[in-house]
Amino acid sequence: MPAPSTPPRQVPDVSCPFCGLVCDDLVVDVSGDMIKVRTNGCPLASVGFGAAAVGEPRIAGRPATLAAATAEAARLLRTARQPLLGGLATDVDGARATARLADRCGAILDHMNSAAALRNVLTMQDSGWITTTLSEIRNRADLLIVAGGDIVSRFPRFFDRCILNQETLFGEGRQCEVLFLGGQAPRGVTLPGRSSTVACDVTRLGEAFGVLRALIAGRSLMATEAAGAPMQVWQQLATRMQAAKYGVIAWAVTDFDFPHAELTVQALCEMVKDLNRTTRFAGLPLGGSDGDLTAESVFLWQTGFGNGTSFGQGQPDHDAHQYATARLLDRGEADLLFWISSFSADRTPPLTTVPTVVLGRPGMTFAREPAVFIPVGTPGVDHAGHLFRTDRVVALPLGQLRPSSLPSVAAVLTAVEAALGES
Amino acid sequence: MLLKLTGGKLYDPANGIDGVVRDLYIRDGRMVAPPAADERIDREYDLSGRIVMAGAIDMHTHIGGGKLNIARQMLPEDHRADLLRRTDLTRSSSGHAAPGTLATGYRYAEMGYTACFEPAVLPVNARQAHMEMGDTPMVDKGGYVMLGSDDFLLRLMAAGEDQKLINDYVAWTLVATRCIGVKVVNPGGISAFKFNQRMLDLDEKHQFYGVTPRDILRVLSRAVHELGVPHPLHVHSSNLGLPGNVESTLGTIRASEGLPIHLTHIQFHSYGTEGDRKFSSAAARIAEAINGTPNASCDVGQILFGQTVTASGDAMAQHRNSGLANPKKFVVMDIECDAGCGVLPFKYRDKNFVNALQWAIGLEIFLLASDPWRVFLTTDHPNGAPFTTYPHLIRLLMDRTFRNDRLAQLNVDAQALTTLGSIDREYTLNEIAILTRAAPAKLLGISDIGHLAPGAVADITVYRDHADRERMFTSPEYVFKDGEVIVRDGRIVKVTWGRYHTVQPAYDRGIEKRLRDYYERFQTIRADHLRISAEEMDVFGHGAAVLTHPCR
């Protein structure tokens with residue numbers, strides 16, 4: 001229990017784990033186990049920091065001790081023939097413990113966001129890309145194109161942090177033109193300088209990038225319209241992109257939610273490569289929320305493979321399609337699901353008849369009560385940790401903000417692994 | 001616990017021992033003098049007929065950090081062909097060009113290496129580099145922090161700030177990022193590329209800051225020297241891979257103005273423009289310059305044929321070379337007003353003129369460089385070849401017949417343009433021990449590794465003497481780490497986590513306020529969040545000790 005006598009205190013430079021931007025400039029007020037964002041907050045931070053601090057483990061819906069719940073989770077894991085460690089919304093140490101456990105018990109690893117993230121991964125593995133990071137955009141970008149969405153609903157402070165600054169390393173009075181391609185300008189954000197919208201259905205963005213590539217290469221096209229817009233719109237856009245000194249095209253791959261969207265990502269990235277023949281231009285693939293890039297990074301560095309990897313044969317077997325969570329559960333190929341979700345109580349396990357062990361934020365509610373529920377602490381709130389930002393370059397330290405009796409994901413999984421050996 | 005290693009033939013050049021049969025004693029993880037006659041030996045290893053050296057040290061190997069993880073992600077096809085099965089002791093992983101950290105540690109140890117230094121730690125990515133090195137078992141590790149295209153330094157220089165302030169910044173960066181040395185990559189060039197400059201020659205001005213690579217080399221080598229950091233400025237010169245880059249490389253050696261300088265993967269910077277194809281070996285000129293410049297050292301960055309991946313901070317050069325990627329894919333990144341990176345898979349082919357000549361150029365440099373204390377055995381893993389090719393490279397150096405047989409199989413035009421076939425030199429075991437043990441430890445300023453005198457850490461590799469040196473160096477009979485056997489007959493028998501090597505030069509803490517202001521105004525993280533704490537290092541490294549080596 002948190003000590004009720006703890007006086008309220010203000011904590012500066014807090015890192016926020018509730019989206020892939022991992023802003024590290026928040027000021028929060030902490031009083032007992034209550035946390036309130038004072039400065040540099042956003043809707044996601046308010047919800048995330050405001051969530052419950054206590055919870056009790058359950059086995060088949062009945063209250064249980066942590067030790068009993070851990071032992072039951074280990075028992076289920078021992079008897080499972082093909083366990084799936086899913087969700088995986090955790091910090092670096094949680095991901096390290098997950099990978100170790102998967103190797104130990106022959107499990108499959110797959111993150112809750114990996115179906116969307118795969119669209120970027122496939123592009124990178126097939127043809128690659130040219131990308132940039134947040135501080136480069138903040139200082140250099142003179143043109144930002146936002147493809148397929150508004151960014152802000154998923155990454156609320158993106159414009160605050162990267163576009164709205166007046167001062168840059170290279171001078172005052174910054175003007176960065178912003179163009180929304182196939183998405184709406186976000187409400188509630190006042191952009192400086194020029195901003196505009198090119199209407200285009202997100203499923204037709206691939207066609208748009210193909211046309212733009214042809215125009216950038218100086219080819220003339222017979223068509224009078226493409227991707228739902230007149231050709232002169234694309235010609236103007238191509239000219240504008242080529243005139244940029246440091247152009248950036250950002251996309252949140254979750255917004256590209258249609259079959260074979262990896263081809264749209266690839267067309268976008270190949271267009272950026274083309275632009276770099278004469279000027280500088282870069283992509284910004286936005287992700288990192290729910291620890292997706294954190295888990296991917298840890299698995300990659302330890303084993304050489306990312307999400308969608310099975311350890312069932314005593315060595316890594318990577319196949320992002322075969323080992324996708326939805327497919328494994330739909331076909332009954334997994335007979336036990338561990339669902340790890342330490343950032344948001346809303347990210348509950350998929351509805352399944354497969355026995356499920358949930359390591360989740362307290363307050364999580366279920367359509368079907370899991371076999372075991374273990375409430376876990378949130379990194380950056382209940383315990384210290386690390387999270388990779390959207391660019392996969394910066395790994396920020398997360399602090400413990402309040403006293404907490406909730407165990408970390410790493411601690412629970414380490415205990416489960418230890419219990420496996422006690423059979 | 002007192003161990004005796006009996007009857008091995010020692011190659012311990014740091015202590016002037018060249019192939020002498022001598023007993024060694026280990027107590028509590030360190031080498032000790034022969035004990036009194038009545039002391040009980042707890043365990044004795046009969047090493048008669050064996051070759052004994054200190055554990056090997058790789059002073060330039062890309063084992064951890066963002067660009068390596070990009071390389072790993074790009075190459076599932078390469079990993080699939082080289083899977084490591086789980087054992088009771090070791091975890092599963094995968095290897096070859098960009099191995100997982102687990103495979104990296106296991107395989108280095110299996111080859112008799114006990115320390116590895118990651119040469120390109122970006123300040124903003126240092127935490128990831130340490131996480132990855134922390135998850136690299138078996139070996140000691142350390143990093144060189146990359147400066148020279150960071151806007152903070154370039155602004156200081158453009159404003160004509162005092163060297164003292166630059167020294168404070170360099171020292172702060174070393175301490176914050178827990179590194180042991182400073183590296184500069186294509187000085188100023190990574191930044192210039194962000195301004196759409198595609199080349200930056202040694203005396204060419206950065207278009208925004210007006211400083212030249214030579215200016216950057218001067219202030220950084222001075223900073224490293226004045227701070228007393230033992231390892232000299234580690235320099236990846238301008239113009240990597242370009243025909244004719246020998247001129248800027250020779251200029252870079254001179255630009256140090258008598259201060260210590262280390263030129264890394266110099267093979268990639270030793271190209272002339274002679275011949276029909278305007279690409280030729282300048283190895284002789286480079287070797288002559290190194291031989292005649294006592295303050296200069298180099299590692300070779302030998303290429304060996306086959307599939308690999310090139311991962312470099314030099315975004316400018318990597319973008320320039322992106323058309324050569326094989327398979328055809330590449331990643332280039334601009335990073336945080338701090339640095340950049342570029343990753344492209346590459347397949348060196350022996351029938352390809354340029355690749356064959358690159359192979360010959362590297363070997364020419366090895367064989368023409370007269371002082372083995374100033375030339376280091378590297379492939380710039382994975383850029384020239386994966387580190388697992390080292391035993392093959394050692395055989396090429398030690399066995400002239402083997403080398404010339406291999407040369408005869410290469411692209412014939414390349415054969416005509418190399419003097420390699422006429423070079424008789426064969427490296428001795430003692431020289432190999434200098435290149436891979438004694439000299440790296442000395443250059444890094446680490447006094448208790450790389451040799452076997454009393455007081456040294458008992459990191460020891462024991463080989464069966466075999467005429468085929470490739471076979472001999474592939475699979476040592478024993479590897480001791482901190483006095484314990486971790487590898488037996490090329491198989492891991494104990495998993496350990498090594499230790500970290502760092503330096504912590506002193507600095508005026510006034511720089512911290514300036515950095516805080518700068519980060520708050522221009523960057524997207526807080527300056528204080530770059531700083532890696534002792535607690536974090538402990539978590540990353542599985543409890544591995546973090547050692548701080550003295551500055552001069």
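A polar contact here is a pair of N or O atoms within 3.5 Å, one able to donate a hydrogen and the other to accept it. In this predicted model, 58 residue pairs, both at pLDDT 80 or more, are in polar contact between chain A and chain B.

Begin by selecting the side of chain A that touches chain B. By class, this side holds 21 nonpolar, 22 polar and 21 charged residues. Next, colour the elements of chain A that each supply at least two residues to this side; among them are helix 4 (114–126), helix 10 (292–303) and strand 21 (385–388). Helix 3 (92–105) also belongs to this group, and helix 3 gives the most, with 7 residues.

Now display both partners together. The contact draws 64 residues from chain A and 61 residues from chain B. The area buried between the two chains is about 5700 Å², and carbon and sulfur atoms give 49% of that area. Select A:Leu169, A:Arg280 and A:Trp301: these residues supply 13% of the area that chain A buries against chain B, more than any other three residues.

For one of them, select B:Arg521 and A:Glu167, where the closest N and O atoms are 2.6 Å apart.

Finally, show strand 8 of chain A with strand 20 (residues 330–335) of chain B. Which way do these strands run, parallel or antiparallel? They run parallel and are joined by 4 bridges. Within this pairing, select A:Gly128, whose bridge partner in strand 20 of chain B is B:Phe330.

Conventions. Residues are numbered from 1 along each chain as its sequence is written. Chains are lettered from A and ligands numbered from 1 in the order in which they are written. This is a predicted model: local features need pLDDT of at least 70, side-chain atom pairs count only at pLDDT 80 or more; totals for chains, interfaces and linings use all residues. Side-chain values use heavy atoms; hydrogens and water are left out. Contact means heavy atoms within 4.5 Å. Buried area is the accessible area (1.4 Å probe) that two parts lose on being put together, summed over both. A salt bridge is a side-chain nitrogen of Lys or Arg within 4 Å of a carboxyl oxygen of Asp or Glu. A polar contact is a pair of N or O atoms within 3.5 Å; within protein, one must be able to donate a hydrogen and the other to accept it, and residues adjacent in sequence count only if both atoms are side-chain atoms. Ala, Val, Leu, Ile, Met, Phe, Trp, Tyr, Cys and Pro count as nonpolar, Asp, Glu, Lys and Arg as charged, and the others, Gly among them, as polar. Two strands pair if DSSP finds at least two bridges between them.
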